[in-house]
Amino acid sequence: MINRRTILKALGSSITLTLIPTAKILASNNPDAKKLAMVIDVRRCTGCLSCSLACAIENGTPRGMTRNQVRQFSTPQQDSYGTMAIPTQCGNCNEPTCIKPCPVNATDKNKNGVVYINHETCIACQICVDHCPYGARAGDKEAKLPPEKCDFCIARSSHGLLPACVESCAGHARIFGDLNKPESKIVQTIKANQVYTMLESKGTGPKIYYIGLPETTDDNKVLTLNYLNWQR
């Protein structure tokens, strides 16, 4: 079993994850609209990649591009090795840094707080990719295709359905819902747990919240783990 000391050794301890006060998370400037968000409990994530597969199928992402990743790494134990998995994806931030740089206004945020790309308007310049501090936008190196990013499966969530990654999660590690609904499962989960976000110091206010991560974690190391090259 992976213990706290092993995880800290694997991730590093130079940057502390920021505990987000519940009141700040649940605050809303527009209580009449939805405030869609996701909680990921890494203690329940098995690293099965069903979320990544379901996402690719649902959104038809091009080969070599992905909307979510499961960062996995092996950690030494006394007599063996253990593995920890940390899913990452676009946080659909409250203050996204990817919208203003777009020269054709192809990226925007809807009334439910979901940041999306209009693929018909996008000119595939990839400028927005470099303005995301989380590396959550998958760009096209040949600059022919629009970037790919998580938009909470906007075609599904706008009709009250769960994102594909949530619906397919075998470990029930993902909880999705409206932060403006006090009775919702996501709100009750946030109230009952210590909740953290990645790179809180950037001021973007991502709406992907984590449960179960070590309190002292190097966010940058987590976000730059090569999710395609972790096996021996």
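Biologist: Are phenylalanine 152 and phenylalanine 176 buried or exposed?

Modeller: In this predicted model, phenylalanine 152 is buried, and phenylalanine 176 is buried as well.

Biologist: How many aromatic pairs does a search of the whole structure find, and how should I read such a pair?

Modeller: A pair of aromatic rings is described by two quantities, the distance of the centres and the angle of the planes. Here the search of the whole structure finds one aromatic pair, formed by phenylalanine 152 and phenylalanine 176, with 5.1 Å from centre to centre and 65° between the planes, which makes the pair edge-to-face. Phenylalanine 152 lies in the loop between α4 (127-130) and α5 (154-157), whereas phenylalanine 176 belongs to strand β7 (residues 174-178), so the pair ties together parts that are 24 residues apart in sequence.

Biologist: Which residue stands opposite phenylalanine 176?

Modeller: Methionine 38 stands opposite phenylalanine 176 of β7, and the two strands concerned, β2 and β7, pair in the antiparallel sense over five bridges. β2 is also joined to β9 by four bridges, and there the strands run parallel, with tyrosine 209 in β9 as the bridge partner of valine 39.

Biologist: Which way do the residues of β2 point?

Modeller: In a regular strand the side chains alternate between the two faces of the sheet. In β2, Leu36, Met38 and Ile40 point one way, while Ala37, Val39 and Asp41 point the other way, and all are buried. Because six of the six residues of strand β2 (residues 36-41) are buried, the strand is largely enclosed by the rest of the structure.

Biologist: How many cavities of 30 Å³ or more does the structure hold?

Modeller: Rolling a probe the size of a water molecule over the atoms shows where empty space is left. This structure holds five cavities of 30 Å³ or more, and in the largest cavity there is about 110 Å³ of space. The largest cavity is lined by 14 residues, of which Gln89, Tyr134, Met198, Tyr210 and Leu223 are the closest to its centre. Strands β3 (68-76), β4 (81-89) and β9 (208-211) each supply at least two residues of this lining, which by class has eight nonpolar, five polar and one charged residues.

Biologist: What volume does the second largest cavity have, and which residues are the closest to its centre?

Modeller: The second largest cavity has a volume of about 90 Å³, and of the 13 residues that line it, Cys90, Cys93, Pro96, Cys98 and Cys132 are the closest to its centre. Its lining divides into eight nonpolar, three polar and two charged residues.

Methods:
Residues are numbered from 1 along each chain as its sequence is written. This is a predicted model: local features need pLDDT of at least 70, side-chain atom pairs count only at pLDDT 80 or more; totals for chains, interfaces and linings use all residues. Side-chain values use heavy atoms; hydrogens and water are left out. Rings of Phe, Tyr and Trp (its six-membered ring) pair if their centres lie within 6.5 Å; planes under 30 degrees apart count as stacked, over 60 as edge-to-face and the rest as tilted. Buried means under 20% relative accessible area, exposed over 50%, partly exposed in between (1.4 Å probe, protein chains only). On a 1 Å grid over the protein atoms alone, a cavity is a set of points where a 1.4 Å probe fits but cannot get out, and a pocket is an open set with protein on both sides within 12 Å along at least five of seven lines; lining residues have an atom within 4 Å of a point. Grid points are joined across faces, edges and corners, and a volume is the space filled by probe spheres set on the points. Ala, Val, Leu, Ile, Met, Phe, Trp, Tyr, Cys and Pro count as nonpolar, Asp, Glu, Lys and Arg as charged, and the others, Gly among them, as polar. Two strands pair if DSSP finds at least two bridges between them.
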